[in-house]
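Dear colleague,

Please find the structure below, followed by my notes on the parts that I have looked at so far.

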Amino acid sequence: MKKQRESQCTQKTISLLSPLGTIQVSGCENGVHTIQILMDVAPAERSSEAPLSCVVNDSLAETSPELQRCVEWLQAYFSEPQTTGSLPLPAFHHPALQGDAFTSRVLQVLQRDVKFGETVSYKRLAEMVGNPRAVRAVGGAMRRNPVPLLIPCHRVISSTGQSGMYMNGKGEV
């Protein structure tokens, strides 16, 4: 019996200008695949002309409802961050966020249980997912987060209160 091939996604990428630099959001009809924060301008070099909110660079025509929902969520995050808790998140369509793998569980718990304005240590997050000895694995899950900001890896800190190594060590969100 032949294995059934998964249908291929037709992805679209939208660019946004934000206080962090350019953000690229990629997704398909099924949901958001990735968010990349390019940080194309170092924080110290950002001009006073940098947007204080999140401005769409591209046309949203022919964009999936999930991608549009993501853009709206990001715009709210940068203009009125306290409102994001009441906004619906877009669907996610990335393998790291599917199924019951450890990374998926960690990211789901982080998104669901760590609210705006809160932080959590790597150790506490490991405890929250039911594996208190998996502190380093939690760090690995943060580095593999395909949708930073939506799943707030920037809220995970070391037990000493230091910012973590999320976003492949950039840790600047």
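Strand 1 (residues 12-18) is joined to strand 2 by a hairpin through two residues, and these strands run antiparallel with seven bridges between them, Leu 17 standing opposite Thr 22 in strand 2. Strands, like helices, are DSSP runs numbered from the N terminus (strands E, at least two residues; helices H or I, at least four), and two strands pair if DSSP finds at least two bridges between them. Strand 2 also forms a hairpin with strand 3, with two residues between them; this antiparallel pairing covers six bridges, and Cys 28 stands opposite Gly 31 in strand 3. Because seven of the eight residues of strand 2 (residues 21-28) are buried, the strand is largely enclosed by the rest of the structure, buried meaning under 20% relative accessible area with a 1.4 Å probe, protein chains only.

The model is predicted, so local features need pLDDT of at least 70 and side-chain atom pairs count only at pLDDT 80 or more, while totals for chains, interfaces and linings use all residues. Residues are numbered from 1 along each chain as its sequence is written, and side-chain values use heavy atoms, with hydrogens and water left out.

Arg 155, in the loop between helix 4 and strand 6, is buried yet has no salt bridge, the nearest side chain of opposite charge being Glu 118, 6.7 Å away; a salt bridge would require a side-chain nitrogen of Lys or Arg within 4 Å of a carboxyl oxygen of Asp or Glu. A polar atom of the Arg 155 side chain does lie 3.0 Å from the backbone oxygen of Val 114, and one lies 3.4 Å from that of Lys 115.

Best regards

Definitions and conventions: Buried < 20%, exposed > 50% of the residue type's maximum accessible area, 1.4 Å probe, protein only. Lys, Arg positive; Asp, Glu negative; His and termini not counted. Polar contact = N/O pair within 3.5 Å; in protein donor to acceptor, adjacent residues only side chain to side chain.
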